[in-house]
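The report below works through one structure residue by residue, beginning with a single position and widening out to the whole chain. Please keep the model open alongside the text.

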Amino acid sequence: AKTLILGIESDILFWPKDQERMHRSIPNSRLVMIQSDYGHDGFLLEFEKLTKSISGFYANAVSQKKSA
């Protein structure tokens, strides 16, 4: 399955090192770490960065499927 792992670099509830470990454990996954001054709340407040990452991941997955 295509997997996108999103993390916030300043998150202290879901540590970046755990996101990186998950990424290494899932073959062909993609890890995107977002810079935010808001820590864990960045998932609520950095919606533009999150939307860009998710949209790009989805567009890439769809284009790969169409070319297959």
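Ser53 lies in helix 3, which spans residues 47–67, where a helix is a DSSP run of H or I with at least four residues, a strand is a DSSP run of E with at least two, and both are numbered from the N terminus. Ser53 is buried, with a relative accessible area of 13%; buried here means under 20% relative accessible area, exposed means over 50%, and partly exposed covers the range in between, with a 1.4 Å probe and protein chains only. Once its neighbours within four places in sequence are left aside, Ser53 is in contact with Leu4, Leu6, Val32 and Ile34, contact being defined as heavy atoms within 4.5 Å.

This is a predicted model, in which local features need pLDDT of at least 70 and side-chain atom pairs count only at pLDDT 80 or more, whereas totals for chains, interfaces and linings use all residues. Residues are numbered from 1 along each chain as its sequence is written, and side-chain values use heavy atoms, with hydrogens and water left out.

The overall fold can be set out briefly. The protein has three helices and two strands, and from the N terminus on these elements run β-α-β-α-α. Along the principal axes, the C-alpha atoms fill a box of roughly 40 × 25 × 10 Å. Of the 68 residues, 26% are buried, and among contacts with a separation of 6 or more, 60% are between residues 24 or more positions apart. The accessible surface comes to about 5,100 Å², of which 57% belongs to carbon and sulfur atoms; such areas come from the Shrake-Rupley method with a 1.4 Å probe, and for residues only the protein chains shown count as cover.

Gly7 lies in strand 1 and is buried, with a relative accessible area of 2%. Although Gly7 and Ile34 are 27 residues apart in sequence, their C-alpha atoms are 6.1 Å apart in space. Apart from residues up to four places away in sequence, Gly7 touches Gln19, Val32, Met33, Ile34 and Phe43. Gly39, by contrast, is found in the loop between strand 2 (30–34) and helix 2 (42–45), and at 13% relative accessibility Gly39 also counts as buried.

Together with Ile12, Phe14 and Trp15, Leu13 forms a nonpolar patch with about 470 Å² of accessible area in total; patches are made of residues with over 30% relative accessible area and no salt bridge, like charges being joined within 9 Å and nonpolar side chains (Val, Leu, Ile, Met, Phe, Trp, Tyr) within 5 Å. Trp15 is placed in the loop between strand 1 (4–8) and helix 1 (16–25), and with a relative accessible area of 42% Trp15 is partly exposed.

Asn28 lies in another loop, the one between helix 1 and strand 2. Asn28 has a positive phi of about 60° although it is not a glycine, and Asn28 is exposed, with a relative accessible area of 78%.

Charge is the remaining topic. The protein has 9 positive and 8 negative side chains, and the centres of the two sets lie 14 Å apart; Lys and Arg count as positive and Asp and Glu as negative, while His and the chain ends are not counted, and the place of a charge is taken as NZ of Lys, CZ of Arg, CG of Asp or CD of Glu. Side chains of opposite charge can pair when their charged atoms come close. A search of the whole structure finds two salt bridges, each a side-chain nitrogen of Lys or Arg within 4 Å of a carboxyl oxygen of Asp or Glu.

| Salt bridge | Closest N and O atoms |
|---|---|
| Arg21 and Asp18 | 2.1 Å |
| Glu46 and Lys49 | 3.8 Å |

Arg21 and Asp18 both lie in helix 1, three residues apart, about one turn of the helix. Arg21 is partly exposed at 45% relative accessible area, and Asp18 is partly exposed at 29%. In the other pair, Glu46 is buried, with a relative accessible area of 12%, whereas Lys49 counts as partly exposed at 37%.
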